[in-house]
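Hi,

Here is the structure I promised to pass on to you. Please open it next to this email, and then read on for what I found in it.

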2 protein chains.
Amino acid sequence: MPHFVTHLEGAIDGARLDPNVAHTLHKDRPIWVRYDLDAVRRAVTPADLQSRPPTLWRYRELLPPKDDASIVSLGEGMTTILRCPRLGQAIGLDNLWIKDESQLPTGSFKSRGQTVAISMCKQFGVKRVAIPTAGNAGGAMAAYAARAGMEAYVFMPADTPVINQFEAALCGAKVFLVDGLINDCGKIVRAGTAAMQWFDISTLKEPYRIEGKKTMGLELAEQSGWTLPDVILYPTGGGTGLVGMWKAFAELRELGWLKSDKLPRMVSVQSDGCAPIVRAFESGSRFANLFPNAKTIASGLRVPVAVGDFIILDAIRESGGTAIAVEDGKITEWMQLACGAEGIAVCPESAACVGAAIKLKESGWIRPDEKVLLFNCGAAQKYPHTLKLDLPRIADPAKVDWDWVSRA
Amino acid sequence: MPHFVTHLEGAIDGARLDPNVAHTLHKDRPIWVRYDLDAVRRAVTPADLQSRPPTLWRYRELLPPKDDASIVSLGEGMTTILRCPRLGQAIGLDNLWIKDESQLPTGSFKSRGQTVAISMCKQFGVKRVAIPTAGNAGGAMAAYAARAGMEAYVFMPADTPVINQFEAALCGAKVFLVDGLINDCGKIVRAGTAAMQWFDISTLKEPYRIEGKKTMGLELAEQSGWTLPDVILYPTGGGTGLVGMWKAFAELRELGWLKSDKLPRMVSVQSDGCAPIVRAFESGSRFANLFPNAKTIASGLRVPVAVGDFIILDAIRESGGTAIAVEDGKITEWMQLACGAEGIAVCPESAACVGAAIKLKESGWIRPDEKVLLFNCGAAQKYPHTLKLDLPRIADPAKVDWDWVSRA
């Protein structure tokens with residue numbers, strides 16, 4: 001298997017870095033992986049991909065492990081893209097699609113980043129990994145670490161949904177509840193690196209999670225016959241997904257695999273309870289300030305400060321996109337709307353994108369005939385606390401009042 | 001699209017039934033769907049399948065809808081099969097594999113049955129569906145009914161895991177909690193058919209869920225190069241999966257697609273808290289008695305009586321397989337073992353299969369070198385109540401005692 005990584009590159013200054021050693025940040029900022037795309041173009045064609053297994057590792061030439069023996073996989077990727085006529089009709093969009101990332105290991109898109117990050121940890125001989133998490137990333141990391149036989153430490157806010165606590169602990173990770181937010185957890189992981197000798201796989205603090213998230217963009221292009229939608233709505237916590245997709249589109253364009261050079265307008269969606277990227281976008285800044293008193297029902301969006309702020313904002317602006325904050329109090333309503341209309345288990349973070357689609361359609365920023373794709377980043381099943389259930393009860397199965405049933 | 005269903009067949013008496021009308025039971029027993037397999041053989045080859053999308057609908061010729069317009073899909077199928085060296089080593093099996101059904105819509109294998117059953121409801125013009133459920137089937141049915149725009153009624157025991165309640169309600173189903181078990185819920189659905197005019201899609205009470213479950217067998221054959229494992233371990237509640245796979249193998253053998261005529265030994269796994277099939281198997285009976293006081297932490301196994309008992313028992317016996325009950329009190333231990341060893345989110349029902357593999361390996365019924373496949377039928381994430389968490393807490397992120405962390 002030939003290998004196409006040429007070097008790593010500091011995102012803040014373009015510095016060329018050695019791809020053969022483990023990196024975290026460069027000048028406190030993220031690092032890109034760069035490939036010899038001319039060589040990739042000679043080595044593989046879109047037609048070659050068709051016969052490969054339906055996982056994200058089909059894009060092997062655009063992924064960083066040096067050899068296949070490093071790959072730590074749970075069979076992730078090639079998630080379905082579903083047309084949503086019923087939801088589209090409800091919000092006035094004729095050509096609405098959802099890419100359903102709930103159908104991934106651990107039920108969220110976080111698996112994409114973790115399969116690649118943990119594979120690279122294996123390549124570099126890492127035995128112990130640590131992560132701060134707002135929710136799903138911790139469970140995904142714990143799963144891949146277990147699959148690799150690595151020791152895993154997970155730090156999460158004390159009020160992180162219990163399922164995220166459970167899934168990480170079930171996979172044998174050492175899970176700590178922290179009185180604070182994800183950035184406080186991030187400080188713990190960083191502070192412990194010396195004493196604990198773990199590798200820090202925080203969002204965008206190592207170069208490889210983004211390469212895994214990039215495959216969302218590769219997949220959607222391949223699945224759509226190497227075309228792209230007009231608009232992509234993406235919930236933004238740490239921002240790896242949006243940035244990763246934008247990187248994917250750039251690579252695909254350079255490879256010449258896309259049928260058109262026109263790229264989607266990227267929309268970063270946040271909750272009005274935690275909207276640092278939206279504030280920075282609106283103020284014209286390249287960097288975001290910490291969002292004070294961050295609070296949202298969409299736990300994955302509770303990221304008050306992102307180390308990749310400038311590359312998120314760069315991507316949004318380059319794409320002609322926008323950043324939008326939606327009402328936190330309406331997120332469960334949009335969840336019910338989307339799940340009820342299409343049967344897709346839309347999580348709160350992605351329900352925020354439904355709200356954003358409604359707002360952007362109403363304002364005219366999205367035209368009714370545009371092809372709009374939104375990501376369902378995780379399984380709604382992981383968020384049972386978001387809906388207060390008061391279900392009718394049948395005490396005697398032999399005595400059921402059918403009028404009462406039909407009125408329920 | 002040509003259509004290959006020739007007729008339906010009563011499982012109890014072989015009676016030939018009309019495939020063009022909706023059926024529930026025949027003489028209170030399940031109904032098979034039969035195909036013109038000679039015509040299928042002429043219409044499609046294994047090589048043709050390779051270029052089709054990775055969903056269970058790639059086996060279109062072996063599925064019942066008359067035309068594609070009836071298909072109600074959430075992009076289900078082609079779940080990964082993972083080799084499990086670490087778990088295998090722990091239990092003394094050199095060639096152990098898990099097919100991970102947690103990576104399906106709604107996080108369980110129930111989606112397979114529901115996509116086909118609801119598609120057939122759409123074909124027959126059904127507008128309202130009802131189901132009794134021990135857990136995941138209700139959520140899956142609600143999702144596909146939402147996708148189809150049908151009205152859905154779900155009846156579940158009052159102590160069904162809250163996530164199953166939530167997921168069904170979130171998709172807009174009318175969910176009722178019943179003081180009783182799944183068979184009590186089944187009686188309600190049956191009793192309400194006249195007053196409520198709903199279609200009853202209880203396990204094996206209509207002919208099509210089994211056709212969806214059949215695709216587990218089709219997939220595993222295709223994914224293994226048209227070979228099959230020596231032993232399949234499968235948790236048995238209603239039994240559709242085991243019976244469906246056995247039907248798949250028979251069809252594949254008749255099609256001539258399998259490289260060997262040797263079929264797997266099918267192992268039905270139940271909990272000692274609810275083991276009607278195991279009792280019937282051990283007593284040599286073709287039919288099972290109601291298991292009294294059914295109680296198990298694996299909610300999907302809490303099925304005290306199965307309308308398809310005889311076809312489950314027939315399949316086990318024809319295959320040279322067995323039925324085994326494992327200790328309910330050890331199920332969470334096996335869950336932790338499997339999840340910690342491989343990072344696969346093994347649900348309690350499938351953890352019972354891990355226990356069965358250990359017992360059957362110890363007894364010599366499974367040899368260490370045999371290829372053994374077990375199914376992970378659902379996402380462990382849907383069962384957070386099965387593990388009592390007592391996680392360590394960090395009150396001040398700025399003051400962390402690393403010795404304490406390393407001892408955790």
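The side chains of B:Asp159 and B:Arg302 meet in a salt bridge, with N and O 2.8 Å apart; a salt bridge here is a side-chain nitrogen of Lys or Arg within 4 Å of a carboxyl oxygen of Asp or Glu. B:Asp159 sits in the loop between strand 7 (151-157) and helix 6 (162-170) of chain B, and B:Arg302 in the loop between helix 10 (276-283) and helix 11 (309-318) of chain B, so this pair ties together parts that are 143 residues apart in sequence. Helices (H or I, at least four residues) and strands (E, at least two) are DSSP runs, numbered from the N terminus. B:Asp159 is exposed, with a relative accessible area of 52%, whereas B:Arg302 is buried at 10%. Those words have cut-offs: buried is under 20% relative accessible area, exposed is over 50%, and partly exposed is in between (1.4 Å probe, protein chains only).

Before you go further, please note that this is a predicted model, in which local features need pLDDT of at least 70 and side-chain atom pairs count only at pLDDT 80 or more, while totals for chains, interfaces and linings use all residues. Residues are numbered from 1 along each chain as its sequence is written, chains are lettered from A and ligands numbered from 1 in the order in which they are written, and side-chain values use heavy atoms, with hydrogens and water left out.

Over all chains, the structure holds 54 salt bridges. One of them joins A:Asp230 and A:Lys262, whose closest N and O atoms are 3.1 Å apart. A:Asp230 lies in the loop between helix 8 (209-223) and strand 10 (231-235) of chain A, and A:Lys262 in the loop between helix 9 (240-255) and strand 11 of chain A, so the pair links parts 32 residues apart in sequence. A:Lys262 is exposed, at 56% relative accessible area.

In chain B, B:Glu211 forms a salt bridge with B:Lys247, and the closest N and O atoms are 2.7 Å apart. This pair also links distant parts of the chain: B:Glu211 is in helix 8 (residues 209-223) and B:Lys247 in helix 9 (residues 240-255), 36 residues apart. Are these two residues buried or exposed? Both B:Glu211 and B:Lys247 are buried. Back in chain A, salt bridges that share partners join A:Lys99, A:Glu101, A:Arg112 and A:Glu219 into one network.

Where the two chains meet

How many residues of chain A are in contact with chain B? There are 72, and they touch 72 residues of chain B, contact being heavy atoms within 4.5 Å. Together the chains bury about 6000 Å², 66% of it on carbon and sulfur atoms; buried area is the accessible area (1.4 Å probe) that two parts lose on being put together, summed over both.

The rule finds 4 salt bridges across this interface. One is between A:Glu342 and B:Arg147, with the closest N and O atoms 2.6 Å apart. Helix 6 (residues 162-170) of chain A gives the most to the side of chain A that touches chain B, with 7 residues.

Strands take part too: strand 14 (residues 393-394) of chain A and strand 8 (residues 174-178) of chain B pair in the parallel sense over 2 bridges, where pairing requires that DSSP finds at least two bridges between the strands. The bridge partner of A:Arg393 in strand 8 of chain B is B:Leu177.

Two residues to look up in chain A

A:Ser268 belongs to strand 11 (residues 265-271) of chain A, and it is buried, with a relative accessible area of 0%. Leaving out residues up to four places away in sequence, A:Ser268 touches several others, among them A:Tyr234, A:Leu242 and A:Ile316.

A:Trp365 is in the loop between helix 13 (348-363) and strand 13 (371-376) of chain A. At 26% relative accessibility, A:Trp365 counts as partly exposed. A:Trp365 and A:Thr322 are 43 residues apart in sequence, yet their C-alpha atoms are 9.4 Å apart in space, and A:Thr322 is among the residues in contact with A:Trp365.

Happy exploring!
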